[in-house]
Every structure is written in structure tokens, then in C-alpha cells.
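I opened this entry to look up the pockets and what lines them.

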Amino acid sequence: MLRGGLIGCGFFAMNQLHGWREASRARIVAICDRDPARLAEAGDTFGIAARYDDAARMLAEEDLDFVDIATTVGSHRALVELAADRGLHVICQKPLASSMDDARAMVAAVAAAGRTFMVHENFRWQSPIRAAIEAVRGGAIGTPFFARASFRSGYDVFSGQPYLATDERFIVQDLGIHVLDIARALMGDAVRITATMQRVNPAIRGEDVATMLLVHDGGATSVVDCSYATRRQPETFPETLLEVDGEAGTLRLDAGYRLTVQTAEGSETRDVTPRLADWAERPWFNIQESVASIQQHFVDCIEAGRAPETSGADNLSTLALVEAAYLSAAEGRSVDVSEV
Ligand code: NAD
Ligand code: 89V
């Protein structure tokens, strides 16, 4: 049984604690938060007695195998380096860092400690997205040449996560990062990106609409479009809708979790609605299920001694797309990902 310590007991960490309860061969034995109310609520809800207001003290006093970092981005580098210094495996929430230099330093620190480092990049672990990825990777539509990954919603994300309204960067750093990662999972790494960004909601600081055009290794194209300014019914939060064209067919993931594959042999549509765990709620259950899945993947990879699919090193390529998208929008030009 792997013993974990969770740092950050805020809004999203509640899902992670539920996910850890479901995990095989791992559990959270200690928690840490600077905010006493959040620490008490998480400890009481999940029956965890070992509670700390200081991460360094938790790591010094507890006998841990891994840490789960569920704080916001500004603290990620210091906490990852602290865990690496103590020789622990690390899973850290997205966005991994707010600069490529920080992210590269974090990957290097855990690699030097010889431990497993995974980013909690969970959208590609959503079961409907996973079904699409597996169909494409399994050759169901032949070699893909075009993809569209689209997330458009008017859902109020600001009440649960107030920092999303006040941070300088919003939709690409918070949500586009997931959708760019899905594009990579479907189409492979991207080498070039062109992005436009808009702020439609005047009450927030950052951009709430982004449209990105990606050129992948080998020449395939994808369009990643994200909006939190789209008022439509039915509201599809938090679904990412997909359309992938391949040389032998097309795949679509439509609203309502319906996956269609069309080839010369015909068309097949499957219901790929995620599991509604007893601790989950609509509309978040899609994301909540993926939390349990990604955390189990982390445990499985530690035990097998293999790199997670969404490892820190892999995530550098997703983060580079985020940085390149902001550069592209700021300078009004197409950006080669190697520039960042
Ligand atoms: P939050 O502000 O609600 O919670 C963060 C908690 O960390 C707070 O309680 C804060 O007191 C604590 N904290 C901060 N620095 C600390 C430190 N050095 N030591 C101890 N405690 C510290 O934030 P949130 O909305 O839960 O987001 C946390 C992270 O999860 C963010 O990076 C966010 O992007 C990510 N997130 C991911 C998903 C997803 O689907 N993958 C969804 C929502 C949020
Ligand atoms: O998944 C996330 O990172 C969340 C949300 C879905 C609200 O964008 O912040």
C-alpha cells in the first residue's frame, strides 16, 4: 500500500480525496493546508488525523511514498522540489507551472531523485475522451489528418474557483491546456500554433475565448476552440466535443456523450456516458471519474516502474503549446513551438 500526503485541501482536492478512497494499493495518510478551516473540513470529511499547516513539516514527520499537490500554480515549483528533495514520487495539478523554465526545473528535480512525476492532466483520462483516443490509436479511422476539439460553455466556473476571474490568464491556462492535451493525445505533438484570444465577459480579467490552429508533426491539422462566453442550451459543461477525420473514416464525440465512427463499412454510434460515482454530481461527474482514473494510473506506473502517459516530461509539450498560444495571440503571428 503506497502512502500519500496531499498538499492543498481546496475546491478540487475534494475530488482527489474521493478518488484516492477508490484507488487500489494507495491511500492518503496525511493532509496539509495553510487554511485551518479547509484543513479541518477535509480531515473530518475523509477521516484523516495527520494534519499539517506546513508542507515541509509534513514531509519531515510522515513516512510517505508520494505527494499529491493540489494547490494553485504559484506554489507548484517549490512544493515539487521539496518532495523531490525528500525522494518522493509526485503527482501535481495542472497547470504545472507558469513558465517553461519552472516546469523544466521541476521535471529535472524529480528525475534527479529517480522518482515518478506525473501531472494531474485529467481530461484525456475522461472515459468518453479515452474511448475516442483508443479508437483513433487503434486505427478505426485510419491515419487522422484533421481534428477539432471544442469546449464551449456559459457555465459559472467563477463561484467555485474565484481566482479564474482575477488571474491575468484565464481560459487557455486553465481549460485550453486540457483541450490542447487532448489534441496531442489524438494527433501527436504539435510544432506550430496560431491563436486568437478575446475577453467577452467584462467582469473578469483574463481571456474567456480562444481559438487555436495547430500543425502537428507529419502535417496533420487541428483546431482547438474554447469559450466560457457561450450561452447555449443544452449547456454542455464540462464536455469536450470532438471531430476527427482520418484517411479511412471519421469519428465524432457529440454532446450527450455519443461516440460515432463512420467508415466505408457503415456507421456505429455508442453511448459513452461516464460512470456516476456515488460521491460525484452532475455535471461534474465526467471530470470526477477521470480523477479516480488518472490517480490509479499514477499508482500503477509507480509499481511498474514506468513513465505515466501524462508524465511531467510529457506535459512539457502541452505547456509549451499554452505558452506558444499566448505568444501567438500577443504578437498576432504564428509561433513555432520550439520558440518557447
Ligand atoms: P483552491 O484555491 O480552492 O485550493 C488550493 C488550496 O491550496 C487552498 O486551500 C490553499 O490554502 C492551499 N495552499 C496553497 N498554497 C499552499 C501551500 N504552500 N501549502 C499548503 N497549502 C497551500 O484551488 P482549486 O480550485 O482547488 O485548484 C487547485 C489546482 O487544481 C489548480 O492548479 C487548478 O488549476 C487545478 N484544478 C484542476 C482541475 C482538473 O480538472 N484537473 C479542476 C479544478 C482545478
Ligand atoms: O478542469 C479544470 O481545470 C477546471 C475547469 C473545468 C473549471 O476549467 O478549472
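My notes on the pockets follow.

I worked from a predicted model, in which local features need pLDDT of at least 70, side-chain atom pairs count only at pLDDT 80 or more, and totals for chains, interfaces and linings use all residues. Residues are numbered from 1 along each chain as its sequence is written, chains are lettered from A and ligands numbered from 1 in the order in which they are written, and side-chain values use heavy atoms, without hydrogens and water.

Largest pocket. I took a pocket as an open set of points on a 1 Å grid over the protein atoms alone, where a 1.4 Å probe fits, with protein on both sides within 12 Å along at least five of seven lines; lining residues have an atom within 4 Å of a point. I noted a volume of about 1000 Å³ for the largest pocket (the space filled by probe spheres set on the points, which are joined across faces, edges and corners). Its lining has 48 residues, and those closest to the centre are Ala70, Thr71, Thr72, Val73 and Tyr163. The largest pocket lies between domain 1 (2-115) and domain 2 (124-280 + 317-339), because both give residues to its lining; the bounds come from an automatic or database domain assignment. H8 supplies the largest share of this lining, 4 residues (helices are DSSP runs of H or I, at least four residues, numbered from the N terminus).

Second largest pocket. I noted a volume of about 170 Å³ here. Helix H1 (residues 13-22) gives the most to this lining, with 3 residues. Among the lining residues I listed Phe11, Met14, His18, Trp279 and Trp284.

How values were computed:
Helix = DSSP H or I, 4+ residues; strand = E, 2+ residues; numbered from the N terminus.
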